[in-house]
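Work through the following exercises on charged side-chain pairs, with the sequence and the coordinates open beside you. Each task is followed by a solution that goes step by step.

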Amino acid sequence: MEHDKQLREQLVKLLRGGQASKTRDEILQGISLEEAGRKAANLPYTIWQLLEHLRIAQWDILEFSRNSQHQSPEWPEGYWPQEKAPANEAALNKTLHAITTDLEGMVNLIKDPANDLFEPFAHGNGQNLLREAMLVAEHNAYHLGEIVVLKRLIGDWE
C-alpha cells in the first residue's frame, strides 16, 4: 500500500513538472497575443499551435482515461490547429486555462486510490491509467521544451 501511495505522489510531481526544468506555469506565464502568433525562421509552428496541440492531446488522453465513450479526434488534423495565432486574448486565455484544468483532471485521477493504476481499461487496447499519466507527462514535457526554444528564438525568453 505504501508503494502505491509513493507511486501516485511521484506521478503527480512528474505531471506538474518542475523537478528537472521550469514548471509549466513558469514556461507559459506571460505569453502575449502577439508572441503566441509569432513565427521563428525554419520552424513550422507558432507558440499558439503548440499550445493548442498540447491542449487537444492532453484533453484527449484525459477523456480516454475517464470516459469509455470518448471519441478521439482524427490524426493528425484533429490535433493541430490551422490558425497560426489565437483569434484574441480570450482564446489564448481559454487554452492556457484548459491546459491547467485538464492536467489537474489527470492529477485527480492519479490521486484517487480507487483508480487502479495498472488495470487495463476495458475500452482500450491494453492501456492503463499509469501509462496514460506518463504519456501526458512525456508529451507535455516535449512540447513545453519546444515552447521554451521558440520563445528564445523570437527573443522573449531570458
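**Salt bridges and burial**

Glu132 has a relative accessible area of 3% and is buried, where buried means under 20% relative accessible area, exposed over 50%, and partly exposed in between (1.4 Å probe, protein chains only). This is a predicted model, in which local features need pLDDT of at least 70 and side-chain atom pairs count only at pLDDT 80 or more, while totals for chains, interfaces and linings use all residues. Residues are numbered from 1 along each chain as its sequence is written, and side-chain values use heavy atoms, with hydrogens and water left out.

**Exercise 1.** Find how Arg131 and Glu132 meet, and classify Arg131.

Solution. The side chains of these two residues form a salt bridge at 2.5 Å, N to O, the term standing for a side-chain nitrogen of Lys or Arg within 4 Å of a carboxyl oxygen of Asp or Glu. Arg131, at 40% relative accessibility, is partly exposed, whereas Glu132 is buried. The structure holds 7 salt bridges.

**Exercise 2.** Which contact do the side chains of Arg55 and Glu52 make, and where do both residues lie?

Solution. They meet in a salt bridge of 2.7 Å, N to O. Both lie in helix H4 (residues 47–66), 3 residues apart, about one turn of the helix; helices (H or I, at least four residues) are DSSP runs, numbered from the N terminus. Arg55 is partly exposed at 22%, and Glu52 is buried at 10%.

**Exercise 3.** Is Arg24 buried or exposed?

Solution. Arg24 is buried, at 10% relative accessibility. Its side chain meets that of Asp25 in a salt bridge (3.2 Å, N to O), and Asp25 is partly exposed, at 47%.

Key:
Helix = DSSP H or I, 4+ residues; strand = E, 2+ residues; numbered from the N terminus.
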